[in-house]
Amino acid sequence: MADDLGDEWWEKQPAGADSSPDASDGEEGDTEMTQQETAPVPAPSKKAKQPKECFLIKPKDIKEDAKKTRKRRKKKITDVLAKSEPKAGTPEDLQKLMKDYYSSHRSVIELEELNLPDSCFLKANDLTHSLSSYLKEICPKWVKLRKNHSEKKSVLMLIICSSAIRALELIRSMTAFRGDSKVMKLFAKHIKVQEQVKLLEKRVVHLGVGTPGRIKELIKQGSLTLNPLKFLIFDWNWRDQKMRRMMDIPEIRKEVFELLEMGVLSLCKSESLKLGLF
């Protein structure tokens, strides 16, 4: 019976077919491998990112940069003065500044003519005086001098400073010296030159305090004459917020020397005018 069933099963199988289970499995495996081998490889995408070139940057040397910065930085006058003690101005300082200023456009002979005699200089402030005490020392006969002064469009004493604000400070600080003297503000801030001209024509003025630019303008217009002038005081040692003296400011320095050439130097040489450095 078992033999009959086996014969029937063999008769039903197609010719050439491998009836063993292992053969069937091997055939399927070969098919899968063939499909994997023949599968198309995907082409690289056009949008794929291309590798970028890298450059190595040498780090900066911090110490070298710091050294360069130190070399480039220029010393300021405030830095220098912060480490030094204040030094009182002297007549030699004024003489040296005059030579430095005029040396570029004056001959050697002309420079020698600019030298002022020592007799035309008053005692300089040694930084211990207030303005009133200094003026009392250099002009002990001021009361008598101002009583004899009656000429208009002139003053007996001029005090030159760097700004209008400083001029007001000086006027307030000289109360003990001036007494009944008539004082006039000779600067440009809030005061028109025409107003100053009218006041000089109407009044007798003993003291003038102001800036070299406005004083120079009044002299040009003929509203202020220098012949009766006896004392010309420079606010030499005072320093502003930037630690500058009046002669350290180029504009002021230029105007001062222009003012000196408008008759001041000739009066000094004739010894009718005295110069003081406060």
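What covers the buried residues of helix 11 includes strand 2 and helix 12; buried means under 20% relative accessible area and exposed over 50%, with a 1.4 Å probe and protein chains only. Helices (H or I, at least four residues) and strands (E, at least two) are DSSP runs numbered from the N terminus. This is a predicted model, in which local features need pLDDT of at least 70, side-chain atom pairs count only at pLDDT 80 or more, and totals for chains, interfaces and linings use all residues. Residues are numbered from 1 along each chain, and side-chain values use heavy atoms, without hydrogens and water.

**Helix 11**
- V193, Q196, V197 and L200 are buried in helix 11.
- These buried residues fall within an arc of 105 degrees seen down the axis (directions from the helix axis to the C-beta atoms), so they line one face of the helix.
- Q194, K198 and K202, on the other side of helix 11, are exposed.

**Helix 5 and helix 13**
- Helix 5 and helix 13 pack at an angle of about 100 degrees with their axes 11 Å apart; axes are lines fitted to C-alpha atoms over the stretch in contact, and angles run from 0 to 180 degrees between N-to-C directions.
- That makes helix 5 roughly perpendicular (65 to 115 degrees) to helix 13.
- L94, L97, M98, Y101 and Y102 in helix 5 meet K254, F257, L260, E261 and L265 in helix 13, where contact means heavy atoms within 4.5 Å.

Technical notes: Parallel < 35°, antiparallel > 145°, perpendicular 65-115°, else oblique.
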